[in-house]
Amino acid sequence: MEVTAAPAVPGVEAALAALAPRLAAGATGVCAVRRLSGGASQETWAFETSGGERFILRRAPSATWKSEMSIDLETEAILMQRAGAAGVPSPRVRHVLVPEDGLGKGFIMGFVAGETLGQKILRDPALDAVRPDLARQCGTTMAAIHRIDTSGIVDLKATTARSQVDDLAAAHRAGGWVRPVFDLALRWLQDRCPATVPHPTLVHGDFRNGNLIIGADGIRAVLDWELAHQGDPMEDLGWICVNSWRFGEIDKPVGGFGNREDLFAAYEAAGGTVDPARVRFWQAVGTLRWGIICADSTNRFSRGDDPSIERAVIGRRTSETELDLIDLMTGND
Amino acid sequence: MQDKPDAAAIVATVNAFLRETILPLLSGRAAFDLRVSMNALELVGRELVLSPASDAAEAARLSALLGETGTLEDLNQTLGQRIAAGEIGLETPGLIDHLRATAIEKLAVDQPKYSSYRRALGKK
């Protein structure tokens, strides 16, 4: 997979300036262009039009790059538009990039103010009042996501519990690492795979503390639809309970801010049906998935794909998921 | 090799130098990266101190579980293969105790602040 180098900031700024009049009436240019984050595949930029309106650009600099796991940015834009229409807190998509824009693939959305860092969401005094309500808001929001109509969207991968466990087993074998806990967890998951759901839904795939914009009024936006797919809606409920996203607040299983009872009750009040055993199965799948991502970081570091100290340190977080998997398998979680 | 000061003491001294002398000179990304690096050095220091005893204990448990001897890597590989083949499982006496003890020993080095590690030790 070849990834062309990102154009320098002046190139991005000039391309955004040309788009400015279409983003905001009367705008003649852009300012405060800065890159927020991003790896090899996707970048996030913030900028303002000359009238002071704030925007976010999400893009893949090379038009040819596509990860096997991820959906196209165009599909992500469509999902965010449908999510917004379905009542899911969502930034408004303002422009989907076309080749003539000279910015690669991606889209531009309105800026949403609030906190995204998981640690801060759990500790910022400004969020004290809303924090006890967040698990409930997650349940309501997930129920809305799972009702989104995906007709006409062709590149959403259809998954089942069995197919996802098989994918993890293949990744574990391909990784070549020696981790008996992962072997045991895979057997455990294979033995407990729930039946395929009769009515698969849209699954966000990465709904967790860290991918939500939270303000004093609660969830303002659900971000990062990159891993969206079709499947068992209980997957989203399980993923947000993975201990790695509780940021130390182990006794608050939902994102470190709430409990399952509130999540489940709000999900059902919004029309969904909860199967707690399947939620727990998906929490274990999610824990193993994060463990395999951490273990793969060691490979990427060792091969020299990403020789950064950060990559090395993430590799050494694999043991966190090993203890969490043992706790899940022994009912000690 | 028994020369003094030992590696752990030298790592601790380097880390103190970075924290007290270098970190105040930096800001932004460089300061962030230095903090990550210092945490990594602390991990190395813990490994130097803790791993001789925990590696020996892990090897002894694996030998008892598998009925054979070998390097830590070989023994772990054999255990993983037997679990994958279904010959050893959750109900096998001693397996979970061994895996839990090993995960706890790893976290004592990798991330002693991790929540489930602290819970396993009975700490909040």
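Reply: Start with the polar contact: a pair of N or O atoms within 3.5 Å, where within protein one must be able to donate a hydrogen and the other to accept it. In this predicted model, that rule finds 14 residue pairs across the interface of chain B and chain A, both residues at pLDDT 80 or more.

Me: What makes the pair B:Arg100 and A:Thr330 a polar contact?

Reply: The two side chains come to 3.1 Å. The cut-off is 3.5 Å, so the pair passes.

Me: Which residues does B:Arg100 contact, leaving aside its neighbours within four places in sequence?

Reply: They are A:Leu323, A:Ile326, A:Asp327, A:Thr330 and A:Asn332. B:Arg100 itself sits in helix α4 of chain B. Its C-alpha atom is 9.2 Å from that of B:Ala120, 20 residues apart along the chain.

Me: Why is B:Glu47 with A:Arg316 called a salt bridge?

Reply: The closest N and O atoms are 2.6 Å apart. The limit is 4 Å between a side-chain nitrogen of Lys or Arg and a carboxyl oxygen of Asp or Glu, so this pair qualifies. The rule finds six salt bridges across the interface of chain B and chain A.

Me: How do you know that A:Asp72 and A:Lys105 form a salt bridge?

Reply: Their closest N and O atoms are 3.8 Å apart. That is within 4 Å, so the label holds. The pair links distant parts of the chain, 33 residues apart. A:Asp72 is in the loop between β3 (54-60) and α2 of chain A, and A:Lys105 is in strand β5 (residues 105-110). Over all chains, the count comes to 33 salt bridges.

Me: Where do the domains of chain A run?

Reply: The domain assignment gives domain 1 (10-110) and domain 2 (118-330). Their centres, taken over C-alpha atoms, are separated by 26 Å. In contact are 20 residues of domain 1 and 22 residues of domain 2. The two domains of chain A bury about 1700 Å² between them, 63% of it on carbon and sulfur atoms. On the domain 1 side, A:Leu79, A:Arg82 and A:Pro89 lose the most area to domain 2, together 33% of what that side buries.

Me: What makes A:Glu226 and A:Arg58 a salt bridge?

Reply: Distance again. The closest N and O atoms are 3.7 Å apart. The limit is 4 Å, so the pair counts. Between domain 1 and domain 2 of chain A the count is two salt bridges. The rule also finds eight residue pairs in polar contact across that interface, both at pLDDT 80 or more. Helix α2 (residues 73-85) of chain A gives the largest share of the domain 1 side, seven residues. By class, that side has ten nonpolar, five polar and five charged residues.

Me: What confidence does the predictor give chain A?

Reply: The mean pLDDT of chain A is 92, and 93% of its residues reach 70 or more. Over residues 1-8 of chain A, pLDDT stays under 50. Chain B averages a pLDDT of 96, with 98% of the residues scoring at least 70. The model scores ipTM 0.96 and pTM 0.93.

Me: Which peptide bond is cis, with omega near -5°?

Reply: The bond from B:Lys4 to B:Pro5. B:Pro5 is placed in the segment before α1 (7-22) of chain B.

Methods: Residues are numbered from 1 along each chain as its sequence is written. Chains are lettered from A and ligands numbered from 1 in the order in which they are written. Side-chain values use heavy atoms; hydrogens and water are left out. Helices (H or I, at least four residues) and strands (E, at least two) are DSSP runs, numbered from the N terminus. Contact means heavy atoms within 4.5 Å. Domain bounds come from an automatic or database domain assignment. Buried area is the accessible area (1.4 Å probe) that two parts lose on being put together, summed over both. Ala, Val, Leu, Ile, Met, Phe, Trp, Tyr, Cys and Pro count as nonpolar, Asp, Glu, Lys and Arg as charged, and the others, Gly among them, as polar. pLDDT is the predictor's confidence in each residue, from 0 to 100.
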